[in-house]
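Please keep the viewer open as you read.

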Amino acid sequence: QRKNITEVTEFIFLGFSIFGKHQITLFVAFLTIYILTLAGDIVIVAIIRVDHHLRTPMYFFLSMLASSEAVYTLVIVPRMLFSLILHNQPISWEGCATPMFFFVTLAVNSGLLLTAMGYDRYVAICNPLRYTVIVSKGTCAGLVCGSFGTGLVMAVLHVAAMFHLPFWGTVVDHFFCDVYPVTKLSCTDFTINEMINYGVSSSVILVPVGLIFITYILILSTSLKIPSTRGWKKAFATCTSRLTVVIVHYGCASVIYLKPKSENSIEKDLLSVTYTIITPLLSPVVYSLRNREVRDALRRAVGKNTS
């Protein structure tokens, strides 16, 4: 038995096998969403890079978020699409650990970038006269590096704590190498791993959510003091749309990683799909396509290419 435990070197994902013949429909739907998300992120990064009107801290953070989410979906979605077509294809131990490392790194990074973007808007609206001093190039670089560095540390903690465990099974009840579904395959007591997972998840979910809500509450309170009705209505619409992305992103993450673990496979899959596929599609729409400056930059780029 010990020999069998130590020789587990690959995993198989159940994925969406419960949906049977509807997996082709899911494949088409997920592929469409993935293409739209990837195209949106690429357009955002390209247009911010080439248009000098968008070389501001806000769009710098936006380009970093788009880059992070493009790689984030690239780590998860292609393998998920592959499993919908070719069932029960095994993945090696290393092939599971590597995507998990990048998934944790980029998920934490994206969440902290949302926090940095909230801070940027807070300074711009609540302290506009000192905006260029407070949100300098050094501050922007520090926030971006801090977000990515925090993601790296959290990923190292997760992956190192998990993959020193011996595993008794190979079938993962999920569609990608997520932390808890793989941990459940361990043949030893993984209470310490659960404590690490819960501590890391709590810190990277609750702290950013608290900071984001504080900044947007301050933004709304300042906006209500604007004499122009049109001005505070615009600020209110901007805040609510951005908070929608934050609520969906962190709401699903909270249910998945902070609540007592549900054994309902369909519930877990739907929440994970929202967290890993739907939310990355919302970001380009909310932060870019609804933004007048980005739309104007796209028109200028299209006009320049057609002239």
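## The chain as a whole

Please bear in mind that this is a predicted model. Its secondary structure amounts to eleven helices and three strands. If you follow the chain along its sequence, these elements come in the order α-β-α-α-β-α-α-α-β-α-α-α-α-α.

The chain has 307 residues, and 45% of them are buried. Take the contacts between residues at least 6 apart in sequence: 77% of these join residues at least 24 apart.

## Helix H2 on its own

Helix H2 covers residues 23–50. With 28 residues, H2 spans 40 Å from its first C-alpha to its last, which is close to the 40 Å expected at 1.5 Å a residue.

Which residues of H2 are buried? They are Gln23, Leu26, Phe30, Ile33, Tyr34, Thr37, Gly40, Asp41, Ile44, Ile47 and Ile48.

## H2 against H3

Helix H3, residues 57–85, packs with H2 at an angle of about 160°, and the two axes are 9 Å apart. Angles over 145 degrees count as roughly antiparallel, so H2 and H3 are roughly antiparallel to each other. Their crossing is left-handed. In the contact of H2 with H3, 21 residues are nonpolar, six are polar and two are charged.

## H3 against H6

H3 also packs with H6, here at an angle of about 20° and with the axes 11 Å apart. An angle under 35 degrees counts as roughly parallel, and H3 and H6 are therefore roughly parallel to each other. The crossing of this pair is right-handed.

On the H3 side the contact is made by Pro57, Phe60, Phe61 and Met64, which meet Cys140, Ala141, Leu143 and Val144 of H6. By class, the contact of H3 with H6 holds eight nonpolar residues, no polar residues and no charged ones.

## H6 against H8

How are H6 and H8 oriented, roughly parallel or roughly antiparallel? Helix H6 (residues 137–162) and helix H8 (residues 191–223) pack at an angle of about 165°, with 10 Å between their axes. H6 and H8 are therefore roughly antiparallel to each other, and they cross in a left-handed sense.

From H6, the residues Met154, Leu157, His158, Ala161 and Met162 meet Asn193, Ile196, Asn197, Val200, Ser203 and Val204 of H8. This contact of H6 with H8 has seven nonpolar residues, four polar ones and no charged ones.

## A closer look at Val104

Val104 belongs to helix H4, which runs over residues 93–126. Why does Val104 count as buried? Its relative accessibility is 7%, and buried means under 20%.

Setting aside neighbours within four places in sequence, Val104 is in contact with Gly151, Met154, Ala155, His158 and Val179.

Key. Residues are numbered from 1 along each chain as its sequence is written. This is a predicted model: local features need pLDDT of at least 70, side-chain atom pairs count only at pLDDT 80 or more; totals for chains, interfaces and linings use all residues. Side-chain values use heavy atoms; hydrogens and water are left out. Axes are lines fitted to C-alpha atoms, for helices over the stretch in contact, and angles run from 0 to 180 degrees between N-to-C directions. Helices (H or I, at least four residues) and strands (E, at least two) are DSSP runs, numbered from the N terminus. Angles under 35 degrees count as roughly parallel, over 145 as roughly antiparallel, 65 to 115 as roughly perpendicular and the rest as oblique. A crossing is left-handed if the near helix is turned anticlockwise from the far one by less than a right angle, and right-handed if clockwise. Ala, Val, Leu, Ile, Met, Phe, Trp, Tyr, Cys and Pro count as nonpolar, Asp, Glu, Lys and Arg as charged, and the others, Gly among them, as polar. The expected span of a helix is 1.5 Å times one less than its number of residues. Buried means under 20% relative accessible area, exposed over 50%, partly exposed in between (1.4 Å probe, protein chains only). Contact means heavy atoms within 4.5 Å.
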